[in-house]
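Hi,

Here is the model I promised to pass on to you. Have a look, and my notes follow below.

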Amino acid sequence: MFGWSGRTLNVDLTSGKCLTQPTPDDLITHFLGGAGINAKILYDEVGPEIDPFDPGNRLIFGAGPLVGTLAPSSSRMTVTAKGPFTFAFCDSNSGGHFPAELKFAGYDHLIFRGKSPNPTYLWIDDDEVQLKDARHLWGKDVWQTEDIIREELGDPDVKIASIGPPGENLVRYAVIINDHARAAGWGGMGSVMGSKNLKAVAVRGTKGVQVAGQERFEKACLKAREMIIKSPKMKTIGIWGKPWLNWLRNEVQKSNPTKNYLLPRVPAEEFNKVGLDAFMDLVVKWKGCFNCPLDCGHVLLSKTGPYAGTMGEGFEYNQAIDGQMMAIYDLNFVLKWTVETNRLGIDCDGPAYATAWAMELYEKGMITNKETDGIDLTWGNQEAAFQMLDKICKRDSPFAHLLGEGIDLASRKFGKGSEKSAYHVKGGRLEIDPRTGWATALSHATSTRGADHLKGMPLSNAFGTWKNIPYEFTDDSKLDYKAEAVVFFESLNSVIDSIGLCKNDTWSQSAECPGLHEFAEMMTALTGRSYTANSLLEIGERIYNVERAYNSRCGLTRAHDTFQEKFFTEPIETKMRVVDKEKFENLKTEYYTIRGWDPATGHPTGKKLRELGLGTIADDLEKRGIIKD
Amino acid sequence: MGVNVNSHSTRQQDLLIKRSAPCQAGYINTCPAIVFDATIPKTHRHGREGMTTRPDEKEFRLLFSQPRTCIGCRSCEAYCAYHHYRENNPSRALLRIVKFDNISVDVPVLCQHCGNAPCIKACPTGAIFRNPTTGAVVISQADCNQCRACMMACPYNVIMLDPKTGCVTKCDLCDGDPMCAKVCPKHVIVYERRDVGPRILMRAANQALAESVVEAWKSRAKGS
C-alpha cells in the first residue's frame, strides 16, 4: 500500500494478545487516517456509559498517511480516547520522531483495549511485537523510563512514548511524553494510559513508507518545503518561537491570562521580565521535529538565579502563561517548571491552572494552611508552586488529590462558590481570554475537546485566501465572516491532523505556508488516489461531525458551548471589552446553521449526517432519542 | 534534570574532540589496511590509483558539517534515503544525525571522503574506490565481499549496513549533487570547495559575535 502502511495493531492488554489487522479501506476512504480514523473507532467502540478510566475505554494512537514521508513537518500523531476531564470526545497531538518511527515500523494505528494485570510496555520491532514486563519501571519518571528501556533493548535510537508517576496515579491531566520533550499534552491521555497499566510504547522501524508517484511526490514536497522556508513563519516562530505570542497578546491584543484572570494582562512594570528579550537570553540552540524545516523548539539554559544550570527543551506560549497565572513573572521559573513537568510526565498547564485557582481561594481565605498541608499558597510563591506540583503528581493528600482532578471537577467537588473562579469550557481549562475577539470566543466555546485554540480558532488569513475575500484574522472584534471562518478552520484542522502534518507551518497558522491545494497534490502523488482541496475539506467536515456526534451522545448540548459569567460582564482593555451575550448567542446560532446542525440543541441533524455518509451514526443518535428524524 | 553550564559545554567539546581524534592520533596508520597491504594481489588494487591526489584538487567539493547548530530534524536522512532508494525510510540513509536527547545535542555524522581514505586501503577486494569526476569514495556492490574491514577502518564509523539488504553502504555524494546539503534548513551541512566550505561555517558561527559588536557600539552611543 502507498502512503498508509495499511496495518492496525490491536493490543488486548487484558489477555496480552497483539493482533495485526489490515486497516479497513472504508475507513481510509472516508476518514483519511490519524485523527479522523481514531475518532470513528472511538465512536464505534466506546459508548457514553463508559468511564474514561474503565478498561472499556480505548487508547488509540494514529499516524496519518503523510507521516514519515518527505512532506515537510510530517511527524505528528494523534492519541484519542474518551477524555478524563471532558468526559466526552478527546484527542491530543504530538510531534517529535516517535510518530514517524511508528510508520516506519509499518503501523497506521495502535489500539489498546482492556487493562493489563501488571505494569507492561509494548515493544514494536517492525513485525515483531511483544508486551514486556514494566514492574521495574513503575514509579520512574519519563526520562528514567526512556533510559532504562533503551538500555534494556540495547538500542540507543529506539523511539519511546511513555508516562510518568502522574499518569500512574491517574492525575487527570497527565500526559504521554515522547522523544524526551514532546508531549501529547491536552486531554490527559497519560492518565488513560496509566489506567490501562501501560507504561510505555517503544518502536524501531526499518520498513519505510512506500510512494506511488515517486518523482511527482518529491517535487510536491520540495515545493511545500520551499514555501515554508520563504514564509514569514521562519522568522517569527523559527527564531523567537511561540513566546513571541506572549508579546503579541500582551502588548497588541491587550489580553493575556494573568493571576487566574484577576488581571487582564501582565502589568507593564513586570512585562520586561517575561518578554521576548528575557526569553532570547535563555536560548542556546534550536530544535526541530522529524523532517521539519521550521525549528520552533528551543533548547534553553538558565544562567542566573536559583535555577542556574537548568537546561532543557523549552517552552511555548502556554508555558509562559503558566508562570503569570500564578503571578510569577520570571522566565527562569518557567524554564524549570517546563523541564520538571516534561520529566515527570504531566501537562505543564494543568497543575499551574489548578494551583492558580487554589491561590485565589487561599487569598480569599476559603482555604488555609491546614488544607494545603502547610504550603503557603500566596500569589507569586515559586517554592510553593513546586511543592504543589510534587504533591499533585503523587496525589498524596486530600487537597493534592482534589487539584489532580482538574479545575472543573475540583471546583465542583469543593463548592462554596469556587466554581466562579474556575475558568473552563466543558472541563477544558481556558488558556486564551475569549474577550480577545469573536472568532476566538466562538471557536473556544464550540471546540469538541473543551476550550481549545487548535480545533477551530482562525490563526491565519487562510480563510480569506480560500474564499478569495479580504479577511484579517487579527481584526477579531468585527462580527463579519466569523462563524464561516471557524467552520472552515475546524474542517481544515481535522484534515491536517488526519494526514499527519503540523499546524504550525500549514494554512492553520500561516496563509503563506502549504494549504489544501498542496495537501491534495502531495496526497495524490503519495497514495495514487485522487484528492482535491474540496474533497479533503469535505472529509474534514465529516470528521468534525463524528466528534460532535460523539459529544452529543455523551450529553453535551448547545448549553455547554459557553463560558463563565465573568467574560460576559467584566470589561477589559480589548476592542471588544466584553463578550456581548446576545450577540454571542446569535453567532452560535449562525455557526450551527452553517454546520447544518440543529440550532436549538447544537446536535448534528440526521439529514446532515446522512449527507456526509454517516448514516450509521445518524441511526444511532435517533435510536438513543438524541436527535429526531 | 538540568545540566550545569560548564559541564554542558565541556561535554559538547569532548564530543567534538572525540570525533576528530582518531584522524589526528594516527589511527589511520594503525588500521587493518596495513595488514591487508602485503596480502592483496596488485590486480585488485585499482582503487588505489589517484587515491590521495584527486581530493587535493581545488575544484572538488566536500561536505562540511556544524554540530553546534544542528536542529536534529533528520531532513537530510529522509531525503538521502529517498534519493537512493525512492523510499521514505531514513533507516537506510547513508548519513546519520546522532541524537543525544538528554543533553539536547544532535551531531551530523557524514562521510568525509578522506584524502587518504582508510576504507580504500582496508578493502581487500578493491570494491571501494574514488570516483574520478566527483572525488567521492564509493563502493561497488558487485565487488564487495561483505568482510566489513572498511567499517573497522572508518574513523567516523559512518560506513553502515543497510537494514534491508544487510550489505555495506556508504555515502556517494549523490553523484556530485548531495541531497542532504540541498535540504538542510539551517545550512548545517554544506557542500563546498575545500577552500570555501570552512570559511562559510566560520562565518555562520561568528555572525552573532559580529552582531554583538555592533550592539555594543550602539548601546555605548546611547549611554553617552
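What percentage of the 629 residues of chain A count as buried? The answer is 63%, where buried means that 20 or more other C-beta atoms, placed from the backbone, lie within 10 Å of the residue's own.

Some housekeeping: this is a predicted model, in which local features need pLDDT of at least 70 and side-chain atom pairs count only at pLDDT 80 or more, while totals for chains, interfaces and linings use all residues. Residues are numbered from 1 along each chain as its sequence is written, with chains lettered from A and ligands numbered from 1 in the order in which they are written.

On the overall fold, chain A has 26 helices and 17 strands (DSSP runs numbered from the N terminus: H or I of at least four residues, and E of at least two). The C-alpha atoms of chain A occupy a box of roughly 60 × 60 × 50 Å along the principal axes.

One helix pair may interest you. Helix α7 (residues 214–230) of chain A packs against helix α21 (residues 516–527) of chain A at about 155 degrees, with axes 8 Å apart (lines fitted to C-alpha atoms over the stretch in contact, with angles from 0 to 180 degrees between N-to-C directions). The two are therefore roughly antiparallel (over 145 degrees). Residues including A:F217 and A:A220 in α7(A) meet residues including A:M522 and A:L526 in α21(A), a contact meaning C-beta atoms, placed from the backbone, within 7 Å.

Best wishes

How values were computed
Buried ≥ 20, exposed ≤ 12 C-beta atoms within 10 Å, placed from the backbone. Parallel < 35°, antiparallel > 145°, perpendicular 65-115°, else oblique. Contact = placed C-beta atoms within 7 Å.
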